[in-house]
Amino acid sequence: VSTTIDIKGKKEYLTIVPLYNVEMVNGVDGVTSATAKVDVPGLVVVSMDSKQIYNQQKAEIIKILGIGLILFSLSIVIAILIAATITNPLKVLRSHLHTMSEGDLTRTVSVNSKDELLDLANDVNQTNSVLKNMIADIKSTATFLDKYSDNLNHFTDNLSIVSKEVSLSMNSVADSTHMQSN
């Protein structure tokens, strides 16, 4: 039993605990029965100043709140660090993709990570390399087609000149044939 009482104008917290003397009663076959002989030879009474208990509780609550605040602050710092380790490589990748979209395929992206972000960075670098090779192939093909087109134009110009000469010769033969037949 616990209670608070007023002793000489001072509040005291009082706890009374009985002292038990328990003796188990044996049954017929030496088996302990469910009954026991209980003796209460005395009581223990503990009295303490209520103000002192309140101050100790208050101090413990302040300690608990302080520890909680420290742990909460620490968890926020850890969360920020974890978020930074995820978002910083993503920002680097985004910046690299932006420069790629503007046509700069000369750079590669490097990420200080050993997880999926590293895999993503490697995939972006691979895509960059493939695009660079495709553009080089397209330029090479365009150069080849340009030279082939120039050769074709030159050939067509020569063919046109030869066709005109053949036409003139044919006209000349036709005129000669026409004159001889008259």
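## Exercises on a predicted model

Tyrosine 148 is partly exposed, since its relative accessible area comes to 48%, where buried stands for under 20% relative accessible area, exposed for over 50% and partly exposed for what lies in between, computed with a 1.4 Å probe and protein chains only. The model is a predicted one, in which local features need pLDDT of at least 70 and side-chain atom pairs count only at pLDDT 80 or more, while totals for chains, interfaces and linings use all residues. Residues are numbered from 1 along each chain as its sequence is written, and side-chain values use heavy atoms, with hydrogens and water left out.

**Exercise 1.** Determine how many aromatic pairs there are, and classify what is found.

*Solution.* Begin with the rule: rings of Phe, Tyr and Trp (its six-membered ring) pair if their centres lie within 6.5 Å, and planes under 30 degrees apart count as stacked, over 60 as edge-to-face and the rest as tilted. By this rule the count is one aromatic pair. The ring centres of phenylalanine 144 and tyrosine 148 are 6.3 Å apart and their planes stand at 15 degrees, which means that the pair is stacked. Finally, phenylalanine 144 is exposed, with a relative accessible area of 55%.

**Exercise 2.** Describe the fold pattern of the protein chain and decide whether the chain is spread out or compact.

*Solution.* The protein chain contains two helices and three strands, and along the sequence these follow the pattern β-β-β-α-α. The radius of gyration, taken over C-alpha atoms, is 51 Å, well over the 16 Å that the globule rule (2.2 Å times the number of residues to the power 0.38) gives for 182 residues, so the chain is more spread out than a compact globule. Along the principal axes, the C-alpha atoms fill a box of roughly 165 × 60 × 30 Å. Of the 182 residues, 11% count as buried. As an example of separation, serine 169 and leucine 71 are 98 residues apart in sequence and 104 Å apart in space, C-alpha to C-alpha; serine 169 belongs to helix H2.

**Exercise 3.** List the salt bridges of the whole structure and characterise their partners.

*Solution.* Side chains of opposite charge can pair when their charged atoms come close. The criterion is a side-chain nitrogen of Lys or Arg within 4 Å of a carboxyl oxygen of Asp or Glu, and the search finds two salt bridges. One of them joins glutamate 60 to lysine 63, with the closest N and O atoms 3.5 Å apart; these residues both lie in helix H1, three residues apart, about one turn of the helix, and glutamate 60 is partly exposed at 42%. Another joins arginine 107 to aspartate 104, with the closest N and O atoms 3.3 Å apart. Here arginine 107 is partly exposed, at 47%, and aspartate 104 is likewise partly exposed, at 23%.

**Exercise 4.** Identify the residues of the nonpolar surface patch and state which helix gives the largest share.

*Solution.* Patches are made of residues with over 30% relative accessible area and no salt bridge, like charges being joined within 9 Å and nonpolar side chains (Val, Leu, Ile, Met, Phe, Trp, Tyr) within 5 Å; the areas come from the Shrake-Rupley method with a 1.4 Å probe, and for residues only the protein chains shown count as cover. The patch, of about 720 Å², consists of Ile67, Leu71, Leu74, Ile78, Ile82, Ile86, Leu90 and Leu120. Helix H1 (residues 50-101) supplies the largest share, seven residues, whereas leucine 120 lies in helix H2 (residues 116-181) and is partly exposed, at 39%.

**Exercise 5.** Report where confidence is lowest and where it is highest in the protein chain.

*Solution.* The quantity is pLDDT, the predictor's confidence in each residue, from 0 to 100. Its mean for the protein chain is 86, and 90% of the residues reach 70 or more. Confidence is lowest in strand S3 (residues 32-49), at a mean of 70, and highest in H1, at 93.

Conventions:
Helices (H or I, at least four residues) and strands (E, at least two) are DSSP runs, numbered from the N terminus.
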